[in-house]
Amino acid sequence: MISYDDKYVYVEREAFEKFLIENNADGEIWIVFGGFYKLPGLAGAAESCIYESGSGDRVVQIPYESIMDNWYMELLKLL
């Protein structure tokens, strides 16, 4: 990851795809960041986005939405 803002994570495509190849990673690639929120025995959630390979851009802009704005997190806080 290069950087992020309120709506996107920015990844340098060539370096990241080289890393994936070297580590035999294929299929859906999830980028998880910002911590993990868990209620023991119930559920958990993390900030994440999905990397889609095949872009021709040098820097890939990956959209995400914060889980802190999700109804699911409000429910976890109440429990």
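**Figure 1. Overall fold: two helices and five strands in the chain.** Helices (H or I, at least four residues) and strands (E, at least two) are DSSP runs, numbered from the N terminus. Along the sequence, the pattern reads β-β-α-β-β-β-α. The model is predicted: local features need pLDDT of at least 70, side-chain atom pairs count only at pLDDT 80 or more, and totals for chains, interfaces and linings use all residues. Residues are numbered from 1 along each chain as its sequence is written, and side-chain values use heavy atoms, with hydrogens and water left out. Of the 79 residues in the chain, 28% are buried. Buried means under 20% relative accessible area, exposed means over 50%, and partly exposed lies in between (1.4 Å probe, protein chains only). The accessible surface comes to about 5900 Å², and carbon and sulfur atoms hold 53% of that surface. Areas come from the Shrake-Rupley method with a 1.4 Å probe; for residues, only the protein chains shown count as cover. Among contacts with a separation of 6 or more, 47% join residues 24 or more positions apart. Contact means heavy atoms within 4.5 Å.

**Figure 2. Close-up of the tilted ring pair Y8 and Y10.** The structure holds three aromatic pairs. In the pair of Y8 and Y10, the ring centres are 6.2 Å apart and the planes meet at 45°, so the pair is tilted. Rings of Phe, Tyr and Trp (its six-membered ring) pair if their centres lie within 6.5 Å; planes under 30 degrees apart count as stacked, over 60 as edge-to-face and the rest as tilted. Y8 counts as partly exposed because its relative accessibility is 27%. Y10 has 18%, so Y10 counts as buried. Y10 belongs to strand β2 (residues 8-12). Y10 and V60 are 50 residues apart in sequence, yet their C-alpha atoms lie 5.6 Å apart in space.

**Figure 3. Close-up of the ring cluster F16, F19 and Y51.** Ring pairs link these three residues. F16 and F19 are stacked, at 6.3 Å centre to centre and 25° between the planes. Both sit in helix α1 (residues 13-22), three residues apart, so about one helical turn separates F16 from F19. F16 is buried at 17% relative accessibility. F19 is partly exposed at 46%.

Figure 4. R13 is placed in helix α1. A salt bridge needs a side-chain nitrogen of Lys or Arg within 4 Å of a carboxyl oxygen of Asp or Glu. Beyond its neighbours within four places in sequence, R13 is in contact with Y51, S55, G56, D57, R58 and V60.

Figure 5. N24 lies in the loop between α1 and β3 (29-39). N24 is exposed, with a relative accessible area of 70%.

**Figure 6. Close-up of the nonpolar surface patch made by W30, V32 and I50.** The patch covers about 290 Å². Patches are made of residues with over 30% relative accessible area and no salt bridge: like charges are joined within 9 Å, nonpolar side chains (Val, Leu, Ile, Met, Phe, Trp, Tyr) within 5 Å. I50 is in strand β4 (residues 43-51). Its relative accessible area is 31%, so I50 is partly exposed.
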